[in-house]
Amino acid sequence: MAIDEIKNEETASNFIHDFIDEDLAEGVYSRVQTRFPPEPNGYLHIGHAKAICINFGVKNKYKGICNLRFDDTNPIKEDTEYVEAIEEDIKWLGFDYDNVYFASDYFDFLYDCALKLIKKGKAYVCDLTPEQMREYRGTLTEPGKNSPYRERSIEENLELFERMTKGEFKEGEKVLRAKIDMASPNLNMRDPIIYRIMFASHHRTGDKWCVYPMYDFAHPLSDACEKVTHSLCSLEFENHRPLYDWFVNECIDGEKPRQIEFARLNLNYTLTSKRKCLKLVEDNIVNGWDDPRMATISGMRRRGYPPEAIRDFCDKIGVSKAYSVVDFALLESCVRDSLNQNAPRAMAVIDPIKLIIDNYPEDKVENIEVEYHPDHEEYGKRTIPFGKELYIEKGDFMIEPIKKYRRLFPGNEVRLYKAYFVTCTGYDLDENGEVCAVHCTYDPETFGGDAPDGRKVRGTIHWVYAGDCSEAEVRLYDRLFDVPNPSDEEGVSSFEDNLNPDSLVVKKAYIEKSLADTKPGERYQFMRTGYFCTDKDSTENNIVFNRTVALRDSFNKKK
C-alpha cells in the first residue's frame, strides 16, 4: 500500500514544517516540492529511511510533489544495480515518487551554468595539483591564498574549459573552480572545484563526457532546475548551505530552492557508512548487501522487518537538529509491535528433542484446529496433527530443575499447547550421556488444555508432531556488532574487531505442516521463540527461516 493511501494522521510539529509554514504564509512559495537524491553507489540503509520518510512526509502533509533523483555525477562508483535496488526499496517502504530524474539529465544544463559563471568572471580553470590546492586552501584559522591562475581572462578560461571538455588534458591536470573568496571563514567558499576531468564511461551517458560536475555544484542547480522549493538534507551539509545559495543565486533567475538541514540518524550497533558496508560485503563478513544483519533496507526486508515498523520507528525518533544516537532496541521494539499485531502464529521446534507419550495409543492421530492469530479471526484457522511422539525444545526439559522452572522435569505436569496435560515420567540418554528422549503420560480428560477437576498447571509448552512435520533450516540472526559504536574512527577499534561472533547461528528445526507451503517474505510468530520470515534461499526440499527479532530484547542481558 502506498503511503499516500495510509490514513493521514496528525503528527507532532517539527521545525521543518514550521519553516515551510512560514514560507507559505509569507508568500515565498505557493506550493511545496521536495526530492530524495541518493547517489547510486550502494544500497540504501536505515539512515536513508529517515530521509525518505521526512521528504515524502512533507509531500503528503502539504499535498505537494516529491521526486526521486539519482545523484550520478561520479561514474566510477555508480551502477544500474544500485539504481534498481533504490527504486525497489523506496516502493517497499510504501512511498510513491512523482518522477524519476538523474543528475545526468541535467549535464547539458549544468555545463551551460559553468559557462555562465566563466563569462561572469565567477569561475576559472586552475592548474594547481591536489597537493598544491590543499596548501593554498588555508586552515580554519588562516585564510587561503589565491591561485596563480585565478586571474586568467574570461576568453582563456572559456578556451581551456572547452579543451578540457574535448579531452585534451589528463585527469587531474586542470579543474574548473568557482571564484568566490579564498579568505572566507567557511572553507567550502574558498574557490571550490566545480568540474573535474574523468575519463570514465557513465552508466547513462556513456562516453559523451570526460568532464563531470562536483556534487556541491550539481546538487543545488539540479534542485533549481526541477523547481524544488525545499531541499531537505542531513546536518553535515549545513556548512555547504552558503555555497548552495551562491550557485543558485549566480546561475538561476526567478524562484529558488531553500536548503533545510536535519540531524542524520545514528543507530548504535550498526554501520551505515557505504564504504564500510562495502568492505563487509567484499570481505565476505556478510552474505551480500541484503544480508539480514546489515542495516540496509534490503537486509531489513529480507530479515522480515515490516515497512510500517520502519516508518513507525522514523516517526518516533522525530526530526531535530541535535546530534543523538538512537538505541537499536527502539527499532526492534517497533518491529515487535507491528509483528505482534499482524504476524500469524505457528509452532516450530528449533532445538528439538523427542517427547514420547507412553500411554497414548500407538496408531492414534488427532487433528487439532488452531487459529492463526488470536486477534484476527479473518486470518482463519489451520489443522495440526497430534500423536504419540512429538518434538519439543530441549530447553523445556531439565533433569534437575532450577528454581522457579515450570516446564518438564521428572514428576512435573505441564500443558501441551491446545492438547493435553502431560506428566514427565523419565528420560533416555544417548551414548554421550545427553538426554535424547523424554517420557511422559497424558491425561485424556484434559484435551484442549483444561482439567475437569479444575487442577492447574503452571507451564505450557509448544510442540510439533513427529509423524507429520517438515524439517527446516533456521537462521538465528542477532546484531552484527557487540559494541554500541563499531566504527573505526580515531580512538576506536577497527569495526572488524567488534563483530559479534553470535550474529548468526544456524539450527535444524522441525515445523508444523501448515508451514510447508510458505513463500519467501512471509512472516510468522513462532510461539514462545520469536518472529521469523521465510528466506529467499528456501527450496522445495529445504525451507529457510530468518529470525526477525526475539519476543523480547535479550541482547544486553547476553552481553
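**Contacts of P292 and the overall fold**

Beyond its neighbours within four places in sequence, P292 contacts G299, R302, R303, Y477 and N546. The model described here is predicted. P292 sits in the loop that links α9 (274–282) to α10 (297–303). Its relative accessibility is 2%, so P292 counts as buried. One of its contact partners is R303. Along the chain, P292 and R303 are 11 residues apart. Their C-alpha atoms are separated by 4.7 Å.

The pairing of P486 with T270 spans 216 residues of sequence. In space, the C-alpha atoms of P486 and T270 are 6.9 Å apart.

The overall fold was considered next. The protein contains 13 helices and 27 strands. Its radius of gyration is 31 Å. For a compact globule of 559 residues, a value near 24 Å would apply. Along the principal axes, the C-alpha atoms fill a box of roughly 100 × 55 × 40 Å. Of the 559 residues, 54% are buried. Contacts between residues at least 6 apart in sequence were also classified by separation. Of these contacts, 71% join residues at least 24 apart.

Surface and charge were then computed. The accessible surface of the protein comes to about 25800 Å². Carbon and sulfur atoms account for 46% of that surface. The protein carries 76 positive and 100 negative charges. The mean positions of the two sets are 3 Å apart.

Cysteines were searched for disulfides across the whole structure, and zero were found. C314 is in no disulfide. The nearest cysteine sulfur to that of C314 belongs to C53, at 4.0 Å. A disulfide requires two cysteine sulfur atoms within 2.5 Å. C314 has a relative accessibility of 7%, so this cysteine counts as buried. C469 is likewise in no disulfide. For C469, the nearest cysteine sulfur is that of C440, 17 Å away. C469 is partly exposed, with a relative accessible area of 22%.

Backbone angles were inspected last. Most residues other than glycine have a negative phi. K227 has a positive phi, near 70°. K227 lies in the loop between α7 (215–226) and β8 (230–234). K404 also has a positive phi, near 70°. The loop that holds K404 runs between β17 (389–393) and β18 (413–416). K404 is exposed, with a relative accessible area of 71%.

Definitions and conventions
Residues numbered from 1 in each chain as written. Predicted model: local features only at pLDDT ≥ 70, side-chain atom pairs only at ≥ 80, totals over all residues. Heavy atoms only, no water. Helix = DSSP H or I, 4+ residues; strand = E, 2+ residues; numbered from the N terminus. Rg over C-alpha atoms; globule rule 2.2 N^0.38 Å. Buried < 20%, exposed > 50% of the residue type's maximum accessible area, 1.4 Å probe, protein only. Contact = heavy atoms within 4.5 Å. Areas by Shrake-Rupley, 256 points an atom, 1.4 Å probe, with all protein chains shown as cover. Lys, Arg positive; Asp, Glu negative; His and termini not counted. Charge placed at Lys NZ, Arg CZ, Asp CG, Glu CD.
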